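Student: Here is the model I would like to go through with you. Can we take it one question at a time?

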Amino acid sequence: MPDQMRSYLDFEKPVAELDSKVDELRTLAASGTDIAEEIGRIEDKAAQALADLYQNLTPWQKTLVARHPQRPHFNDFIKGLITEFTPLAGDRKFGEDEALVAGFGRFRGEAICVMGQEKGDSTESRIKHNFGMARPEGYRKCVRLMEMAERFGLPVLSLADSAGAYPGIGAEERGQAEAIARSTDACMALTVPNVAIITGEGMSGGAIAITTANKVLMLEHAIYSVISPEAASSILWRDGSKAQEAANNMKITAQDMLRFGVIDSILKEPVGGAHRDPAAMIATTGDAIAKAFDELRGMDGEAIRKQRRQKFLDIGRKLG
């Protein structure tokens with residue numbers, strides 16, 4: 001990542017200090033001073049410190065990593081993995097929702113339906129996409145596209161990254177809960193393979209609505225939960241400031257989800273998180289998607305639906 005674009009989380013302070021020292025030495029070296037050996041030594045120390053930090057992240061620290069603004073978003077995965085992507089708009093009932101992007105394209109040459117939350121990467125785009133928090137029309141749009149994918153026999157890929165469905169009055173008036181339930185039901189009813197990836201935050205029904213899939217994968221430092229740590233803190237202790245304590249007790253990490261059978265596998269992130277090497281993370285995700293679809297290839301429609309149904313019936317019953 002270019003130096004001017006680097007962004008550190010609070011717990012990364014030791015690494016930030018070492019990187020700052022490297023920058024100072026590089027500036028000094030540019031004036032003609034031969035300190036290449038010293039620069040290399042500190043760079044190695046910084047790399048080791050980063051690796052040590054990320055080997056033992058707490059659930060709260062993983063939450064911060066999952067929310068990192070430079071983490072690859074839906075549009076980044078689309079640009080890196082999907083060709084000829086054509087987004088479709090509107091639910092044919094109310095209007096368009098920009099938080100949930102959905103359309104058709106090609107994954108490694110094969111036609112596919114893709115949907116997911118886009119958080120945005122600038123002030124303007126974040127407002128446009130409502131920070132990835134979808135309204136009812138977004139989920140109804142996804143239902144419309146899943147029905148099209150079913151009609152034409154196309155696999156479905158979902159990329160979830162959202163703090164949750166939008167909780168505004170207008171969204172509730174237009175049937176937010178009903179729209180989420182219908183989207184979840186549409187996922188369950190598919191006779192074509194569907195694969196879901198939790199790339200960052202997978203919060204509440206806003207994530208479940210598009211991730212009820214045959215194969216559910218998570219990035220190593222992503223989180224998945226029925227409620228955000230802040231909301232859980234407000235409910236349990238009537239104090240939103242205890243979010244860190246809530247996160248550390250909620251079992252929201254990819255490792256927890258794999259142990260409980262909620263997900264099928266974990267995608268290893270680059271050292272320091274996906275935001276430090278988005279291209280590598282996107283490539284890893286592409287390989288995992290291809291493998292997941294390959295494992296479902298050859299199954300007939302009814303077998304695909306039964307496998308998905310049994311997967312969710314088994315959650316919590318079998319501990320890994």
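Tutor: Contact here means heavy atoms within 4.5 Å. Keep in mind that this is a predicted model.

Student: Which residues does Pro 270 touch, not counting residues up to four places away in sequence?

Tutor: Pro 270 sits in the loop between strand E8 (265-267) and H13. Under the 4.5 Å cut-off for heavy atoms, and with residues up to four places away in sequence left out, Pro 270 touches Asp 277, Ala 280 and Met 281.

Student: Is Pro 270 buried or exposed?

Tutor: The cut-off for buried is under 20% relative accessible area. Pro 270 has a relative accessible area of 18%, so the residue is buried.

Student: What distance separates the C-alpha atoms of Pro 270 and Leu 28?

Tutor: The two residues are 242 residues apart along the chain. Their C-alpha atoms are separated by 30 Å.

Student: How far does helix H13 reach from its first C-alpha to its last?

Tutor: H13 covers residues 278-296, which is 19 residues. The expected span, at 1.5 Å a residue, is 27 Å. The helix comes close to that, with a reach of 27 Å.

Student: Which residues of H13 are buried?

Tutor: An α-helix has 3.6 residues a turn, so residues three or four places apart point the same way. The buried residues of H13 are Met 281, Ile 282, Thr 285, Gly 286, Ala 288, Ile 289, Ala 290, Ala 292, Phe 293 and Leu 296.

Student: What is the phi of Gly 298?

Tutor: Gly 298 follows H13. Its phi is positive, near 95 degrees.

Student: Where is Arg 108 found, and what is its phi?

Tutor: Arg 108 lies in the loop between strand E2 (100-107) and strand E3 (110-117). At 51% relative accessibility, Arg 108 counts as exposed. Most residues other than glycine have a negative phi. Arg 108 has a positive phi, near 50 degrees.

Student: Is Arg 238 buried or exposed?

Tutor: Arg 238 is in the loop between helix H10 (229-237) and helix H11 (243-247), and its phi is positive, near 50 degrees. The cut-off for exposed is over 50%. With 77% relative accessibility, Arg 238 counts as exposed.

Student: What is the relative accessible area of Ser 233?

Tutor: Ser 233 belongs to helix H10. Beyond its neighbours within four places in sequence, Ser 233 has contacts that include Arg 238, Asp 239 and Ala 246. Ser 233 is buried, and its relative accessible area is 0%.

Student: How many residues of strand E5 are buried?

Tutor: Strand E5 spans residues 194-203. The strand is largely enclosed by the rest of the structure, because the buried count is 10 of the 10 residues.

Student: Which residue in E5 is the bridge partner of Ser 162?

Tutor: Strand E4 (residues 156-162) runs parallel to E5, and six bridges join them. Ser 162 has as its bridge partner in E5 Gly 202.

Technical notes: Residues numbered from 1 in each chain as written. Predicted model: local features only at pLDDT ≥ 70, side-chain atom pairs only at ≥ 80, totals over all residues. Heavy atoms only, no water. Helix = DSSP H or I, 4+ residues; strand = E, 2+ residues; numbered from the N terminus. Buried < 20%, exposed > 50% of the residue type's maximum accessible area, 1.4 Å probe, protein only. Expected span 1.5 Å × (residues − 1). Pairing = 2+ DSSP bridges.
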